[in-house]
Amino acid sequence: MTDDNTVLILGSIALDTLEIDNRRYSGLVGGSTTYATLSAGRFVPIHVVGIIGDDFPESGHRIFDTFANDLSDLEVKVGPTFSWGGRYHSDMNNRDTLFTELGVFDNYSPKLTGQNRNVPYVFLANIHPELQLTVLDQLSKNSVIVTDTMNLWINTTRAALLRVIRQTTILLVNESEADLLTGISDLNRAAEKLLEMGPEQVIIKCGNRGAIQYSDEVKTVIGTYPVKKVIDPTGAGDSFGGGFIAAIANGAEIKDALIRGTAMASICVEGIGTAMLEQTSEEKILARERYLLDKVIP
Ligand code: AMP
């Protein structure tokens, strides 16, 4: 039996190299699953499905031992962990991918043990859509599916991604992804088209301007927490997704899920890699959520 608010997370578990402000940071534990687990794991039980290599560092194992509850579908394989390199432009809003090395993700096919086939909430964090489909195919009940993706998959594996989106309950995309997926730059009209593709709700993340939630009936807009200095934006989207699905799994209204996602993303960007998410206190999260209450326009 799994808890009613259990969240299964599929995504990347990575070793990141980041170039920010002419400084290079290598061997950072990252990946969409890692950020999402750090963000959601304080609030709900997390089950992880993914793969790491035998080079995955102790600091990474500690994150999953601390913030996740079930690692039975986390495979450890001889070989290199997935690795990704990114260089940020000076405005911090844009970045270039320097390299993507699949490592043990090459030929990986996620397998769910019995209890993970029945989880009520699933976060398909950013990863190859075929892997997201493989997990969807193994779920035996109507779980709430929250899906995230990136430009790369829209450009290279659109058909598989569209099949994932069709089975998604809540789709998370940023502005450029919404445009790429629909060919429409106007956000409201792009959201309408995305809703026609299958999801019950679409959330468009607008970077440092906040996020907008759309369903057939309503639209909710949330601003951002005014972070004094963005140190490293990596993982902001994954942290938003983790906080968001954790709140949904705990029965929160959409408004409060948007607040939780936004608060966790604001904490993520205040340090290099996962540092701030690992150390933050409950008081800090709650203070940010209180601030954000006034930043929601229902
Ligand atoms: P975000 O800044 O929210 O887009 O997330 C950044 C994280 O995504 C980094 O820690 C990377 O390891 C991971 N990442 C980058 N490219 C990919 C990819 N093609 N597939 C899966 N994860 C990726």
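The dialogue below goes through the fold of a predicted model and the terms used for it.

Student: What kind of model is this, and how are residues numbered?
Tutor: The model is predicted, so local features need pLDDT of at least 70 and side-chain atom pairs count only at pLDDT 80 or more, while totals for chains, interfaces and linings use all residues. Residues are numbered from 1 along each chain as its sequence is written, and side-chain values use heavy atoms, with hydrogens and water left out.

Student: How many helices and strands are there, and what makes a run count as one?
Tutor: The chain has 11 helices and 14 strands. Both are DSSP runs numbered from the N terminus: a helix is H or I over at least four residues, a strand is E over at least two.

Student: How do you know whether the radius of gyration agrees with a compact globule?
Tutor: The rule is 2.2 Å times the number of residues to the power 0.38, with the radius taken over C-alpha atoms. For 298 residues a compact globule would come near 19 Å, and the chain has 18 Å, which agrees. Along the principal axes, the C-alpha atoms fill a box of roughly 50 × 45 × 40 Å.

Student: What share of the residues is called buried?
Tutor: Buried means under 20% relative accessible area, exposed means over 50%, and partly exposed lies in between, using a 1.4 Å probe and protein chains only. Of the 298 residues, 58% count as buried.

Student: Which residues show how these cut-offs work?
Tutor: Asn 22 has a relative accessible area of 86%, so Asn 22 is exposed. Met 92, at 13%, is therefore buried. Ala 287, at 35%, is partly exposed; Ala 287 lies in helix α11 (residues 282-292).

Student: Why is the pairing in the open sheet called mixed?
Tutor: Strands of a sheet pair through backbone hydrogen bonds, either parallel or antiparallel. The open sheet has 10 strands in the order β5-β4-β1-β8-β9-β10-β11-β12-β13-β14. Strand β1 (residues 7-10) and strand β8 (residues 121-124) run parallel, with 4 bridges, and Val 7 stands opposite Tyr 121. Strand β12 (residues 211-215) and β13 run antiparallel, again with 4 bridges, and Tyr 214 stands opposite Lys 219.

Student: What makes β5 and β14 edge strands?
Tutor: β5 (70-77) and β14 (296-297) each pair on one side only. For β14 the partner is β13, joined to β14 by 2 antiparallel bridges; Val 221 has Ile 297 as its bridge partner.

Student: Which residues of β13 are on the covered face?
Tutor: In β13 (residues 219-222), Thr 220 and Ile 222 are on the covered face, and Lys 219 and Val 221 on the uncovered one.

Student: Why is Ile 254 called buried, and what is in contact with Ile 254?
Tutor: Ile 254 has 17% relative accessibility and so counts as buried. Contact means heavy atoms within 4.5 Å. Leaving aside neighbours within four places in sequence, Ile 254 is in contact with Gln 201, Gln 213, Thr 220, Phe 244 and Ile 248. Ile 254 belongs to helix α9 (residues 254-268).

Student: What share of the contacts joins residues at least 24 apart?
Tutor: Among contacts between residues at least 6 apart in sequence, the share is 64%.

Technical notes:
Pairing = 2+ DSSP bridges.
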